[in-house]
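The exercises below are to be worked with the sequence and the model side by side. Each task is followed by a solution in steps.

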Amino acid sequence: MSASRPARPRRVYDVAVVGAGPAGMAAAAGARQAGAERVLLVDREPETGGILNQCIHSGFGLHHFGEELTGPEFAQRAFAEMVDDGLDVLTDSFVVDRDADDELSVMSAEHGVLRVAAGAIVLASGARERTRGAIRIPGSRPAGVMTAGLAQHLVNVRGLLPGRRAVILGSGDIGLIMARRLTLEGIEVAGVFELLAHANGLTRNIVECLDDFDIPLHLSTTVVEVHGRDRVEGVTVAPVGPGLEPLLDRARFVPCDTVLLSIGLLPEAELARSLGARIDPVTRGPVVSSTMETTRPGVFAAGNSVHIHDLVDFVVEEAQLAGRSAAAHVLGGSAPRDNVTLVPGENVRYCVPHTISTDREHTVYLRVRRPLERSWLRLGDAYEKRLRYVVPAEMVTVKVRPRFLEGFSSEALRVDVVPREEG
């Protein structure tokens with residue numbers, strides 16, 4: 001069997017999934033497995049797979065498939081898991097709105113403007129990169145300044161080299177991976193410059209992508225000016241003080257013809273916002289319940305469109321839950337009554353999901369604000385767990401089981417990650 005590319009999409013679906021990256025494919029598979037008979041998968045790209053198609057490095061799938069895969073290999077395996085005669089795939093298409101009658105407006109390169117009714121929607125549109133405008137780097141606007149993801153697409157998909165000597169601003173995982181990729185293609189990487197006092201990428205990537213290739217990582221340092229008229233000629237970098245203000249008296253010039261920006265990702269939440277879902281000001285994605293339902297009934301969300309993940313395996317786990325929950329919503333299944341709101345406390349930036357039920361098991365994802373070597377993860381006075389170390393770049397996950405919250409009566413549960421004393 002294969003997922004069909006319909007000659008003409010149906011007018012009515014049980015579940016419509018927006019985005020055919022790893023989250024979208026997992027949500028579609030979850031919806032079908034949970035009994036949704038008609039599922040529509042919509043994506044703006046010509047083929048499914050999303051960002052995985054340009055991630056030719058290994059490191060995917062250890063949790064979900066039990067082996068290490070490249071991005072395209074993971075995408076192919078995920079596609080094989082979701083293919084089913086009850087699934088329609090619509091590529092080169094955009095979902096632009098949902099009207100008062102719960103019909104979707106879909107713009108399709110092949111079919112034009114479509115009106116499609118769906119009992120539930122799963123938003124799995126992924127994330128976008130922060131650009132130069134987000135951090136307002138002074139200087140001219142020459143060619144050669146681009147996001148790390150764009151550079152990855154140029155090199156891995158189009159076979160083009162962005163330049164000959166590169167500077168990378170920011171230590172996000174894509175930037176670290178591209179430092180290694182450019183080096184392997186013969187491009188000199190002058191260094192990775194990170195504003196904060198700690199790296200924002202996984203420790204594994206710092207070791208394998210920088211240390212193994214003798215690429216310097218400069219912490220507490222940033223780019224304060226870009227030089228060049230038609231093409232980048234270099235950047236001025238400077239260390240920063242305690243308040244992150246550049247110390248210009250210690251600035252220096254670094255010659256380069258390419259600047260890659262790896263300064264973070266933001267959830268693609270415009271559709272969620274237009275549908276009236278409440279947005280978390282910290283994650284920049286929609287607020288979700290324990291079933292991954294947003295504050296707009298019948299609209300679910302998962303993956304990087306909710307919060308930024310480290311591993312695609314966790315994206316898949318979260319999206320399968322969203323797909324199953326969307327199917328249950330359509331089929332009239334009972335949803336858990338969330339009676340506890342998770343409140344980020346000391347050294348916790350955010351928690352997802354935002355609410356949980358005390359009578360079911362949940363996986364809670366959270367990120368810390370600062371690194372700690374030895375710490376306690378505490379759920380109010382109800383539960384605590386030892387953590388060997390935590391860093392902002394790496395997601396912390398915890399299984400919250402009903403027995404942890406026995407007798408818990410408050411509507412708010414504070415989540416803290418605090419230092420653990422010796423002994």
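**Exercise 1: a glycine in a strand**

Glycine 119 sits in strand E8 (residues 112-123); strands (E, at least two residues) and helices (H or I, at least four) are DSSP runs, numbered from the N terminus. The model is a predicted one, in which local features need pLDDT of at least 70 and side-chain atom pairs count only at pLDDT 80 or more, while totals for chains, interfaces and linings use all residues. Residues are numbered from 1 along each chain as its sequence is written, and side-chain values use heavy atoms, with hydrogens and water left out.

Task: state how exposed glycine 119 is and which residues it touches.

Solution. 
- Step 1. The relative accessible area of glycine 119 is 34%, so the residue is partly exposed. The classes are buried under 20%, exposed over 50% and partly exposed in between (1.4 Å probe, protein chains only).
- Step 2. Leaving aside residues up to four places away in sequence, glycine 119 touches Tyr13, Asp14, Arg98, His329 and Val330. A contact here means heavy atoms within 4.5 Å.
- Step 3. Glutamate 103 is 16 residues from glycine 119 in sequence, and the C-alpha to C-alpha separation is 9.1 Å.

**Exercise 2: the nonpolar cores**

Task: find the residues with the most contacts inside the largest nonpolar core.

Solution. 
- Step 1. A nonpolar core is a set of buried Ala, Val, Leu, Ile, Met, Phe, Trp, Tyr and Cys residues joined through side-chain atoms within 4.5 Å.
- Step 2. The largest such core has 67 residues, and Val17, Leu41 and Leu123 have the most contacts inside it. Helix H8 gives the most to this core, with eight residues.
- Step 3. Another core lies apart from it and has 22 residues, including Leu342, Cys351, Leu379 and Val400.
- Step 4. Among the residues that leucine 41 touches, beyond four places in sequence, are Val17, Ala28, Met82 and Leu90.

**Exercise 3: the second largest pocket**

Task: describe the lining of the second largest pocket by position, element and class.

Solution. 
- Step 1. On a 1 Å grid over the protein atoms alone, a pocket is an open set of points where a 1.4 Å probe fits, with protein on both sides within 12 Å along at least five of seven lines; lining residues have an atom within 4 Å of a point.
- Step 2. The lining of the second largest pocket has 24 residues, and Ser290, Thr291, Leu321, Arg324 and Ser325 lie nearest the centre.
- Step 3. Helix H8 (312-331) and strand E23 (362-368) are the elements that give two or more residues to this lining. H8 gives the most, with eight residues.
- Step 4. By class, the lining has eight nonpolar, nine polar and seven charged residues. Ala, Val, Leu, Ile, Met, Phe, Trp, Tyr, Cys and Pro count as nonpolar, Asp, Glu, Lys and Arg as charged, and the others, Gly among them, as polar.

**Exercise 4: strands and their partners**

Solution. 
- Step 1. Two strands pair if DSSP finds at least two bridges between them.
- Step 2. Leucine 169 is opposite phenylalanine 193 in E12.
- Step 3. E26 and E23 run antiparallel, with five bridges. Valine 364 has valine 398 in E26 as its bridge partner.
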